[in-house]
Amino acid sequence: MKKTERILGWILFGVVFIIYSICSPKTITFWDSAEFISSNYKLQATHPPGTPFYTLLSNVLLSVFPTSVVALISNLISSLFGALTVTCVYFLTKKIATKLIKQTDEIYAKWLPSISGILSGLTLAFIHSFWIASTETEVYTLSFLLLVLIWYIAILWQESDDSKTAFRLLLLIGLLLGISAGVHLINLSLVIPLSIIFVYKKYTLSIKNISIGLVAGIMMFFGIYGITIQGFLKVAHHLDVYLVNDLNASMNTGLIALCLLLIGALASLTVYARKKSNILLHTISLFTLFFYIGISSYGISVIRANAKTSVSNGPINSIELLSYIRAEQFGLGGVPLVRGHFYNAPLDSKRPFVDGNPILRYNPVEKQYIEVDDGFFSQENYAREFSTFFPRMYSRKRSDISGYNSWTAVQGEPVSYSISGKTETLTKPTLSENLGFFYNYQVHWLYLRYLCWNFVGKQNDYKGTGTILNGNWISGINAIDKSRIGDINKIPDYYKNDSSKDAYYFLPFILGIVGLFLLRKSPVHLFTSLLFFLTFGIGIIIYVNPTPTSILIRERDYIFVASFIPFCMWIGLSVIQLYRWFSFISQNRIRLTISAVLISIASPIQLFAKGWDDHSRNSSSFAYSFAKSYLDSCPQNTVLITNGDNMTFPLWYLQEVENYRTDIRIINFDQLTLGWYIEKLKLKMNTSDGLNISIPSELYQKGPQSLLPLKKETDQPADVNRLFKFLSDPKTQIPWNGKKTHYIPSQAFSLSVDTTKFAKNLYLRKQLNLQLLPKVNWKLEKDFYAVNDLTLLNIIQENIHQRPIAFVINGNTNHYIGLKQFTIQRGFIDLLAPVRRAKPGLNPKIVDTQMMYPFITEKVNFEGLNDPEEFIDDEEKVYASDILRRSYYFLAQALLEENRPNEAIKILDKCTTQFPNKTILFKQYAFALGKLYFKAGNPEKGNDICLKSIKNLENELIWLISFDPPNPIINVKYATRVKNMYFQMLNQYNSLNPNKTKKLKEDYQKLESSYKMWYSNNWPY
């Protein structure tokens, strides 16, 4: 029987791996996939907090394959670990199920554990979030594999009666826990649910013991993360500073010395404990040693960072590694958990700032650690009146503040407080509003919604920002769903028939509850699995304390997949409960068959059948084509300014793996706040020479949160060259918040250009009617200027005469630092050029039609976006609609201005053919294309596109105001934007086709009347 069970497990692995292999893309996808492929291929340190063991293991596996298949193999590595996780879940569930079945000679009942395991494994394999993670290059499937494997070994340890075997298993857990931390640090949370198994083995499972075990598990998690890891690195840093600064040792001597001291101390402690027969001390010392061996993979991050590889992050020493592990560059180092201030808290009136720790950076020239900030008055001290227990609304970013007031209606309570000597009345959020945000956004939207996605149903695969249109969970039962997303009859066909819509009618969810009910007969597995479920679900929410902007970037379901693993196990275990409930069926074979078939259909078969169309992505190549079009748009040796993961990581892949256009120097604007990143830009990478950068290092070595205030002294533009001399002079500092700092004296800037040196062969001046400017003046209005603003300004100033400088066109403008007006569109980039139109009245938007027309018509091709049978994910639709359509529009517009209507129509035709309404919904940018058809002499096509765009907005508005939705503030804001856009389109269409506009305006008037009533019912402020 055992041999058969093992064979079944490996058959399960083979089937799942083959399915994942068929579904996996052959090339890169968006988000972290491309970065991981690049980092794994060249063994580079990924973004914080790092995944060194995963990177090392993947690098070994990739080393035996040719470059041409690196992306595919990287995706298949995730598939491999995903299939292995499914197999481990099979064995884990089977072991638990065996304990739930009493000893029996009944032949059919003996098959229940294996059937439970198979159903659990297949359910996990085909839930949405796990399926996606298993078909693209990501760290998560290896992370899940290690979690399940440690859980399984913990049960073996609990069941073992042999002390030697139990001891070895415990050491193996320590080793795997350390390895697991080198894959994803959140895996350390596993010690919390495993505390129940420890309590069960050593004591009894009373409420008191469970509570003590739970508290001990939580303390162990914070102890491992805060002391064993962070504490070790802090000590290593202090030791390194002493050895380097006082004894002239090399950097990281302290880290190496502490590692040797730790190994020696643990080895000595082990020998001592063995001699004294102190089993507890012996176990703790060896467990700790094995844990450190496992997590030692982080040494790879330090080694590779010091190798100055192209895209490696910069943990070059122990203090930088600590910052890296804490993900401080993302602002995660100081997230409040137990007590903190609200987002609108004023500074304390008596002591607005307090001292922080001095900041030391290693100076490679002086070969010393240099103090770049004494820490004096470096931390804000907010008024205690605005602090709260369990702070959820704490971020002071404008976008987050807007989010707090959107996810819950913040009326607040008035609090009088002295600000700058004047008493003002401020509104402080109440505790109930704080908890309201916690539930509405953090618990419901960021966790329960994802849980329901996987076990109840998913509206679509588009990023859900709180509106009824996208990303909601559904059941497929209209009576239940209509209170959250509206009546099915009001939903436009485009949304109603989306291929990523998967409704499961609550069936997997109900089966999971049934399986959980069954586990009451095994308290240890009940509490362990339930605590596992809560720790990696709500526990992560509480610990990470996510802000509203996190969902504006991308969906976050992948963070919580570990929580869904026990739920899948509960679904598998439900077959035992059904088998018992069907005891009225006399023939056990039929009873077993019916139980297994019913659950198979309700869970894994349903999940697979409905999920296939939106998870089979083997033909997906948009991210690759999109990235390639950016690089192909660039002249030779361009400095290309990007921002955002999806506009950077795919470009890295092309350069690092495929060795494509390595002459281009890619600069991520968001990373220009990081000192190590700025220093690396000065070095030659691939075939791209280093950049000239003269900004004083003191300005960027203090950390990513450094800001320079505006102290406006003139309305005249500040000459950039003189500005950086000004910032280099310590005498120009002013007192600011209790300490001296540099400042920016003007919101206007001036950049001098030597027209004899500037490259003039990048565009045709006469054809484009351009005048070359010896000086560029512009405004960048801010109250505070970040390090990346100033660093990019310095890079442009120092390199504008040597290399072309360009900005990716991605819908954002902050990476232009106000210079967009001095650019020429060239493909999908804006080329920086000190020019303006030579003749007044010409369109200030400049497009290089000579380059761009053949580029769009002959070289660019985005396959699959016009095929309704192919799955098109959210990013592809958004980028096609908001970036590509706009670029095609600007080219067609420029061609019309050059009196080339035939070429303009060709561009418009290609755009509407590649991105048709049936796959990429026509809205504002498509409407603009329709208007160009009228100008180009094709009113029939223009009329069709404009009317479809108007109709799409009308349908959305009708849907939005058809009922009182959840998240009313978010939906009212969105509906208002749709209504205003709808009205603007009608007004513009009236000038194109007044005969057809009358009826449309009548429809609008009726809708506006309904909208006003709906608005008054739903707007809380």
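In this predicted model, six strands form an open sheet with mixed pairing, in the order β12-β11-β21-β23-β22-β25. The edges of this sheet are β12 (665-668) and β25 (846-847), each of which has a single partner strand, so one side of each is left without a neighbour in the sheet. The points below turn to paired strands, to the chain as a whole and to a pocket.

**Strand pairs**

- Another antiparallel pair, joined over five bridges, consists of strand β3 (residues 359-363) and strand β4 (residues 368-373).
- In that pair, the residue opposite Y362 is Y369 in β4.
- The hairpin of β3 and β4 has four residues between the strands, and K367 takes a positive phi near 55° in this hairpin.
- As a general point, side chains in a regular strand alternate between the two faces of the sheet.

**The chain as a whole**

- The chain contains 35 helices and 25 strands.
- Its radius of gyration is 31 Å, close to the 31 Å that the globule rule gives for 1021 residues, so the chain is as compact as a globular protein of that length.
- The C-alpha trace spans about 95 × 80 × 65 Å along the principal axes of the chain.
- Of the 1021 residues in the chain, 58% are buried.
- Among contacts in the chain with a separation of 6 or more, 75% are between residues 24 or more positions apart.

**The second largest pocket**

- The volume of the second largest pocket is about 1,500 Å³.
- This pocket is lined by 42 residues, of which W157, L170, F198, L280 and T283 are the closest to its centre.
- The elements that give two or more residues to the lining are α7 (140-159), α8 (163-181), α9 (191-202), α10 (207-247), α11 (253-275) and α12 (279-295).
- With nine residues, α10 gives the most to the lining of this pocket.
- By residue class, the lining of the second largest pocket comprises 23 nonpolar, 13 polar and six charged residues.

Notes
Residues are numbered from 1 along each chain as its sequence is written. This is a predicted model: local features need pLDDT of at least 70, side-chain atom pairs count only at pLDDT 80 or more; totals for chains, interfaces and linings use all residues. Side-chain values use heavy atoms; hydrogens and water are left out. Two strands pair if DSSP finds at least two bridges between them. On a 1 Å grid over the protein atoms alone, a cavity is a set of points where a 1.4 Å probe fits but cannot get out, and a pocket is an open set with protein on both sides within 12 Å along at least five of seven lines; lining residues have an atom within 4 Å of a point. Grid points are joined across faces, edges and corners, and a volume is the space filled by probe spheres set on the points. Ala, Val, Leu, Ile, Met, Phe, Trp, Tyr, Cys and Pro count as nonpolar, Asp, Glu, Lys and Arg as charged, and the others, Gly among them, as polar. The radius of gyration is taken over C-alpha atoms; the globule rule is 2.2 Å times the number of residues to the power 0.38. Buried means under 20% relative accessible area, exposed over 50%, partly exposed in between (1.4 Å probe, protein chains only). Contact means heavy atoms within 4.5 Å.
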